[in-house]
Structure formats: structure tokens, C-alpha cells
Amino acid sequence: MARGHQKIQSQQKNAKKQAEQKKKQGHDQKTAAKAALVYTCSVCMTQMPDPKTFKQHFESKHPKSPMPPELADVQA
């Protein structure tokens with residue numbers, strides 16, 4: 001077991017190593033973007049980030065299909 005100065009050096013080395021791993025891992029934009037896609041079209045299974053975009057998609061791509069009830073009151 002390390003004591004004194006050696007213990008402090010070991011803690012600093014470990015903290016530096018942990019920081020480098022965290023920095024290397026970084027922020028994954030692909031994962032964050034995928035998590036933001038909450039609405040899924042029931043016809044074509046396309047995912048959208050918000051109800052406004054979902055309604056616009058549904059009106060343009062599926063005009064003959066009935067509008068889902070969650071989009072009835074959304075302003076496009």
C-alpha cells in the first residue's frame with residue numbers, strides 16, 4: 001500500500017488517466033441525435049424529433065392515411 005508522496009502521485013496519475021479516457025470517449029453526436037427522435041410514423045416507421053415535424057411529414061407523405069389522434073391538435 002502506497003503512503004505519503006507516492007500515494008498522492010498515484011492518485012494524480014489515476015485522475016489524469018480517468019480524464020483522458022473520458023475525453024477520448026467524448027460526446028457521441030450520433031447517439032444524442034438518435035435519442036432525440038421520439039416520434040415514429042406508424043405508416044413508414046420514420047422517426048422525427050418533434051410533433052410539428054411529424055405532422056408535416058404525415059400530411060406530405062401519407063395524405064390518404066387517417067391522421068393519428070396525437071397530431072390532431074398540433075399546429076404545423
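Biologist: In which helix does Lys 13 lie?

Modeller: Helices (H or I, at least four residues) and strands (E, at least two) are DSSP runs, numbered from the N terminus. Lys 13 belongs to helix H1, which covers residues 5-25. The model is a predicted one, in which local features need pLDDT of at least 70, side-chain atom pairs count only at pLDDT 80 or more, and totals for chains, interfaces and linings use all residues. Residues are numbered from 1 along each chain as its sequence is written, and side-chain values use heavy atoms, with hydrogens and water left out.

Biologist: Is Lys 13 buried or exposed?

Modeller: A residue is buried under 20% relative accessible area, exposed over 50%, and partly exposed in between (1.4 Å probe, protein chains only). Lys 13 has a relative accessible area of 66%, so it is exposed. Between the C-alpha atoms of Lys 13 and Arg 3 the distance is 15 Å, with 10 residues separating them in sequence.

Biologist: How many helices and strands does the protein chain have, and in what order do the elements run?

Modeller: The protein chain has three helices and two strands. Read from the N terminus, the order is α-α-β-β-α. The radius of gyration is taken over C-alpha atoms, and the globule rule is 2.2 Å times the number of residues to the power 0.38. For 76 residues that rule gives 11 Å, whereas the protein chain has a radius of gyration of 25 Å, well over that value, so it is more spread out than a compact globule. Along the principal axes, the C-alpha atoms fill a box of roughly 75 × 20 × 20 Å.

Biologist: What percentage of the residues of the protein chain count as buried?

Modeller: Of the 76 residues, 13% count as buried. A contact means heavy atoms within 4.5 Å. Among contacts between residues at least 6 apart in sequence, 2% join residues at least 24 apart.

Biologist: Which residues make up the largest nonpolar core?

Modeller: In soluble globular proteins, nonpolar side chains tend to be buried together. A nonpolar core is a set of buried Ala, Val, Leu, Ile, Met, Phe, Trp, Tyr and Cys residues joined through side-chain atoms within 4.5 Å. Here the largest one has six residues: Cys 41, Met 48, Phe 54, Phe 58, Leu 71 and Val 74.

Biologist: Where is Cys 41 placed, and which residues does it touch?

Modeller: Cys 41 sits in the loop between S1 and S2. Its relative accessibility is 0%, so it counts as buried. Beyond residues up to four places away in sequence, Cys 41 touches Thr 46, Met 48, Phe 54, His 57, Phe 58 and His 62. The C-alpha atoms of Cys 41 and Pro 68 are separated by 9.1 Å, although these residues are 27 residues apart along the chain.

Biologist: Where do His 57 and His 62 lie?

Modeller: His 57 lies in helix H3, residues 51-61, while His 62 is in the segment after H3. His 57 counts as buried because its relative accessibility is 13%. His 62, with a relative accessible area of 12%, is buried. When neighbours within four places in sequence are left aside, the contacts of His 62 are Cys 41, Val 43, Cys 44 and His 57. On that basis, His 57 is in contact with Cys 41, Cys 44, Thr 46, Met 48 and His 62.

Biologist: Is Val 74 buried or exposed?

Modeller: Val 74 is buried, because its relative accessible area is 16%. Its place is in the segment after H3. Apart from neighbours within four places in sequence, Val 74 is in contact with Pro 51, Lys 52 and Lys 55. Val 74 and Phe 54 are 20 residues apart along the chain, and their C-alpha atoms are separated by 9.5 Å.

Biologist: What phi does Met 45 have?

Modeller: Most residues other than glycine have a negative phi. Met 45 is not a glycine, yet its phi is positive, at about 65°. Met 45 is placed in the loop between strand S1 (39-40) and strand S2 (47-48). With a relative accessible area of 58%, Met 45 is exposed.
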